[in-house]
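Please take some time with the sequence and the model shown here, and follow the helices as the paragraphs below take them up in turn.

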Amino acid sequence: MNTSRPRIGLALGSGSARGWSHIGVIRVLERAGISPDIVCGTSIGALVGAAYAAGELDRLEPWVRGLTWPAVLGLLDLKMGGGLIEGGELVDFFRRHYSGPEIQHLPKTYGCVATALRSGRELWLREGPVIDAVRASIALPGLFTPAVREGQLLVDGGLVNPVPVSLCRALGADIVIAVDLNWDLIGRRTRAQVPEGDAPAEPESADNGLLDAILARFRSDEVPASQADHPSMLDVLTTSLNIMQVRITHSRLAGEPADAMIRPRLSHIAAMDFHRAESAIAEGERAAEAVLPLIRDLLN
């Protein structure tokens, strides 16, 4: 009789600062005795997944929880041309603190997703330096400058595969647990949009999001009265990105469904609120706890 257990894959989705919730998901799984054999990530999921696959999550989590807005700003080298953020400071930080084996030598099987900018092809990064692969996977167009790998310009994998279930399957996973960070972004209402008497909306960022600060230079202090009710350039940009992410995710998961789907509620966390890790991690734990009974049934 074959008593070997199924190989478990964990697909960690894209979602910028909302991705710190992946840490909470992983903590719940580990406490339940569920240790994935294969870890795949896209964008922020690639970063957290790499730390987990390398056995470095215990070092990453305290740093993440201690992030403040000024600390995050200190990691961002602003520029113009190809993207607002070069990413060199962030990459240098991780090279200093999380240097380790190349992807193919990590303790857990690992892969991440990037997009070839010129061809639009989906690329699965499965070898070479971990931080270089992660840097390519997180290169959100317009925000981070593209990464260069083997002569190709690479950008965020969320453009083509926001929740990399397919990569987990290709690497040999029998059961895939996936985390979708963006499912509730479309149609969310801000506090100002909630009619009197309605239930309060989820809280906005205390500082209206780090991305507001980065892009503030593009805003006019005086808004014409005729445009007072119109969305700002930033509102249009972020809402458009949210729509794109949600639609692409729905399309990919319809054809490549996970066996168990974890969906934290994170619409109250802005894309660049990397200093709000406590809230994101707690919500990841809550969402994972809700799906644990299903996961246990699958494994049994």
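Helix H6 (residues 130-137) has seven of its eight residues buried, so it is largely enclosed by the rest of the structure; buried here means under 20% relative accessible area, with exposed meaning over 50% and partly exposed in between, for a 1.4 Å probe and protein chains only. The buried residues of H6 are Val130, Ile131, Ala133, Val134, Arg135, Ala136 and Ser137. Helices are DSSP runs of H or I with at least four residues, numbered from the N terminus.

This is a predicted model, in which local features need pLDDT of at least 70 and side-chain atom pairs count only at pLDDT 80 or more, while totals for chains, interfaces and linings use all residues. Residues are numbered from 1 along each chain as its sequence is written, and side-chain values use heavy atoms, with hydrogens and water left out.

Helix H2 (residues 44-53) is also largely enclosed by the rest of the structure, because ten of its ten residues are buried; among them are Ile44, Leu47, Val48 and Tyr52. Just after H2, Gly55 takes a positive phi of about 75°.

Turning to a pair of helices, H1 (residues 21-31) and H3 (residues 57-65) pack at an angle of about 135°, with their axes 11 Å apart, where axes are lines fitted to C-alpha atoms, for helices over the stretch in contact, and angles run from 0 to 180 degrees between N-to-C directions. The contact, meaning heavy atoms within 4.5 Å, is made by Ile23, Ile26 and Arg27 of H1 together with Leu57, Asp58, Glu61 and Val64 of H3.

Terms used
Helix = DSSP H or I, 4+ residues; strand = E, 2+ residues; numbered from the N terminus.
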